[in-house]
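Have the sequence and the 3D view ready.

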Amino acid sequence: MTDSPQQRYEISSDPARLDPARIHHWLSTDAYWALGRTREKQDLAIAGSLNFGAYDTISGEQVGYARVVTDHVTFAWLCDVYVDRSARGHGLGTRLAAAVRDHLAPTGLRRLTLATDDAHGVYEKVGFKPLGSPEKWMYLRLDAVGSV
C-alpha cells in the first residue's frame, strides 16, 4: 500500500533541516525567477528569512522549499517556492503555501503577498487572490539604478 502524499511528505520550519546546497541548485538552475543566483546570495537570503522545507518521510531528503521575507508583525512576502521535479504532482506547492499561511496567521499580519508567472492556481487553493488595486503598488528595480 502506498502512503498518501500527506503521509509521505512533511513540512517543517526548522532551519537546521534545510539543505542549502540543494535549495541553491534548484533555484539557480530550474526556477525562472532565480536562474543564476549565486550560492552566496542564496545563503544570505536563507539566513535573513523564515524558511520552510518539505521532506520525504522515508528518505528524509528535502524535496521542497518556500521562503518568507517578514518582520513577523506588519509585512510578509512569500517567495522562492519550489518543489523538486521528482515530488511534483502531490500538492506540495499548495501544502507549502498553506503551511506558511497557517504559521503566519497567529501573528496578526494583515497581508501575505507573492508574485508568480504561472502558479496562480496553486496559491488560489489556499486563499490568495489577485491584487484588488494593483495601481497602488509600485516597485523599483535597484539593479537598474545607476550609482548615486
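Asp43 and Arg39 sit four residues apart in helix H3, which means about one helical turn separates them. An α-helix has 3.6 residues a turn, so residues three or four places apart point the same way. Asp43 and Arg39 form a salt bridge, with their closest N and O atoms 2.9 Å apart. A salt bridge here is a side-chain nitrogen of Lys or Arg within 4 Å of a carboxyl oxygen of Asp or Glu.

This is a predicted model, where local features need pLDDT of at least 70, side-chain atom pairs count only at pLDDT 80 or more, and totals for chains, interfaces and linings use all residues. Residues are numbered from 1 along each chain as its sequence is written, and side-chain values use heavy atoms, leaving out hydrogens and water. Helices (H or I, at least four residues) and strands (E, at least two) are DSSP runs, numbered from the N terminus.

**Charged pairs**

How many salt bridges does the structure hold? There are eleven. Side chains of opposite charge can pair when their charged atoms come close.

| Pair | Closest N to O distance |
|---|---|
| Arg85 and Asp30 | 2.8 Å |
| Asp43 and Arg39 | 2.9 Å |

Arg85 is exposed at 55%, while Asp30 is partly exposed at 27%. Arg141 is partly exposed at 48%, and Asp143 is exposed at 60%.

Salt bridges can also join up. Asp19, Arg22 and Glu61 are linked in a network of them.

**Pockets**

Rolling a probe the size of a water molecule over the atoms shows where empty space is left. On a 1 Å grid over the protein atoms alone, a pocket is an open set of points where a 1.4 Å probe fits, with protein on both sides within 12 Å along at least five of seven lines; lining residues have an atom within 4 Å of a point. Volume is the space filled by probe spheres set on the points.

The largest pocket has a volume of about 1,000 Å³. It is lined by 35 residues, and Tyr32, Trp33, Asp80, Val81 and Ala115 lie nearest its centre. Helix H3 (39-47), strand S4 (76-83), H4 and helix H5 (120-124) each give two or more residues to this lining. S4 gives the largest share, seven residues.

The second largest pocket holds about 690 Å³ of space. Of its 21 lining residues, Leu112, Thr113, Phe128, Lys129 and Leu131 are the closest to its centre. Here the largest share, three residues, comes from H5.

**Helix H4**

H4 covers residues 92-104, so 13 residues in total, and reaches 18 Å from its first C-alpha to its last. That is close to the expected 18 Å, found as 1.5 Å times one less than the number of residues. Which residues of H4 are buried? They are Leu92, Gly93, Thr94, Arg95, Leu96, Ala97, Ala98, Val100 and Leu104.

Technical notes:
Buried means under 20% relative accessible area, exposed over 50%, partly exposed in between (1.4 Å probe, protein chains only).
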